[in-house]
Amino acid sequence: MKKLLLLLLAMVAFSATADAQGFLKKLKDKAIEKAKDKIENKVERTVDKEMDAVLDGKKSEKTSKAKKQAEDAAEEVDDTPDAVAQNQKSDFVRGSVILFSDDFANEQMGEFPSKWDVSEGSLETASISGKKYAHSNAPDSRFSPLMENMKSYLPDVFTLEWDEFFCKAGEIPDFPFEFLFSDASGNQTGHIYMRYRPGNPDCYGNYTFKKGGGVDQNVGGSLDWDHLAKFTKVGQWNHFAISFNKRAFKFYLNGNRIINLPNVAAPARFEFIIQDENPYRGVANVVLAKGAVELYQRQATDLSAVEKAIAETGKFVTNNILFETGKATLKPESMEEIQKVADYMKKNPSVRFEVQGHTDNQGSDKINDPLSQQRAEAVVKALAQLGCDEFNLRAVGKGSHEPVADNKTDAGRAQNRRVEFIKK
């Protein structure tokens, strides 16, 4: 019995030991698997983390590139309402026929500018950084260009341009400036007042115009530095311009339109008014021209430069038809301008043109008169080769007998060397 009991105990013990060993083995196997899983998970997490960092970097780089592209595109094409309005404010087009121009280049320093007249005060030719201008050397100087008819010389469609110098802070305390429009009887039809105080900085003013259409009423407004600061160039020459078309008045500062009035009385003459004799006070590079931007830009975009000039003045004047020096041989770059005339003639096949050749006064009439005739004939021949009916073209040489600018300057002589297409 004892033996049997011992045998049973031994079997149980063996069985327990075997189970224990099996259990331990299972524990060991599970521990190894768990350790492996833990290591694998850690490796996966590390790899994922590194991959995320790489991907995030690429994403960030991609986002940065996309952002930069968007910013570059925004700089190149800004389609906000303000940007559109800004583009619309830069619509100035100089008239096609120069009626008066003066750059003061040939004036003697300290002398009264020869192309001007005063109703009050006085002027003298002065210079800023080598650029000559008409300087007011007396309080309240009022001056206007010398024209054949001093009471009425502005056409119903014109542009007027001039330069003024805006000095830096500390050079002078301030300076006022006025511009005046009048009718043929001397009655004021328009007035612009500006006062600039360098260093404040401050530039302010106002404007008043008589309304058109016979209405006994004025229209006006104010100008302030907040509006003008972004257009003004301190310590530099600033370019002013006026465009008038029958009733529409536009005023520009450095190409930016700052006054836009749809219906004002037509002026007959203009006058500059400088209220003090401080340095820098005056005007330079004055240009008065017949013609202007159309009343409505929508209409103007449908017209070529030739069509606009013919509609406004009855002729197209160009300095872009060039010849070899002393010859009637057209330069190749002239064909682009001649093509514009050809396109107009094909569109208007019944139109007849007198093609006038003009030279400067360099050389004798014995040379210039036949040369201008030959050049006009060369233009007619070129138009005929482009398909225009030569029957509608007549070549006329004018030599140097009808200048539109001063032949004493290179700029003036360049304006005089021109071709005019006169509609008949």
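Biologist: What share of the contacts in the protein with a separation of 6 or more comes from residues 24 or more positions apart?

Modeller: This is a predicted model. Its 424 residues form eight helices and 19 strands. Among contacts with a separation of 6 or more, those between residues 24 or more positions apart account for 64%.

Biologist: What percentage of the residues count as buried?

Modeller: Buried here means under 20% relative accessible area. The protein exposes about 23800 Å², with carbon and sulfur atoms supplying 52% of that area. Of the 424 residues, the buried share is 39%.

Biologist: How far does helix H7 reach from its first C-alpha to its last?

Modeller: H7 covers residues 365–385, which is 21 residues. At 1.5 Å a residue, 30 Å is expected. The model comes close to that, with a reach of 30 Å.

Biologist: Which elements do the buried residues of H7 pack against?

Modeller: The buried residues of H7 include Leu371, Arg375, Val379 and Leu383. One partner is a helix, H6 (335–347). The others are strands: S17 (353–358), S18 (393–399) and S19 (418–423).

Biologist: Which residue with a positive phi follows H7?

Modeller: H7 ends at residue 385. The phi in question is near 100°. The residue is Gly387.

Biologist: Are H5 and H6 roughly parallel or roughly perpendicular to each other?

Modeller: The axes of H5 (residues 305–313) and H6 lie 9 Å apart. They pack at an angle of about 65°. Angles of 65 to 115 degrees count as roughly perpendicular. The two helices are therefore roughly perpendicular.

Biologist: Which residues of H6 make the contact with H5?

Modeller: The contact residues divide into four nonpolar, no polar and three charged. H5 supplies Val306, Glu307 and Ile310. H6 supplies Lys340, Val341, Tyr344 and Lys347.

Definitions and conventions:
Residues are numbered from 1 along each chain as its sequence is written. This is a predicted model: local features need pLDDT of at least 70, side-chain atom pairs count only at pLDDT 80 or more; totals for chains, interfaces and linings use all residues. Side-chain values use heavy atoms; hydrogens and water are left out. Helices (H or I, at least four residues) and strands (E, at least two) are DSSP runs, numbered from the N terminus. The expected span of a helix is 1.5 Å times one less than its number of residues. Buried means under 20% relative accessible area, exposed over 50%, partly exposed in between (1.4 Å probe, protein chains only). Contact means heavy atoms within 4.5 Å. Axes are lines fitted to C-alpha atoms, for helices over the stretch in contact, and angles run from 0 to 180 degrees between N-to-C directions. Angles under 35 degrees count as roughly parallel, over 145 as roughly antiparallel, 65 to 115 as roughly perpendicular and the rest as oblique. Ala, Val, Leu, Ile, Met, Phe, Trp, Tyr, Cys and Pro count as nonpolar, Asp, Glu, Lys and Arg as charged, and the others, Gly among them, as polar. Accessible areas come from the Shrake-Rupley method with a 1.4 Å probe; for residues, only the protein chains shown count as cover.
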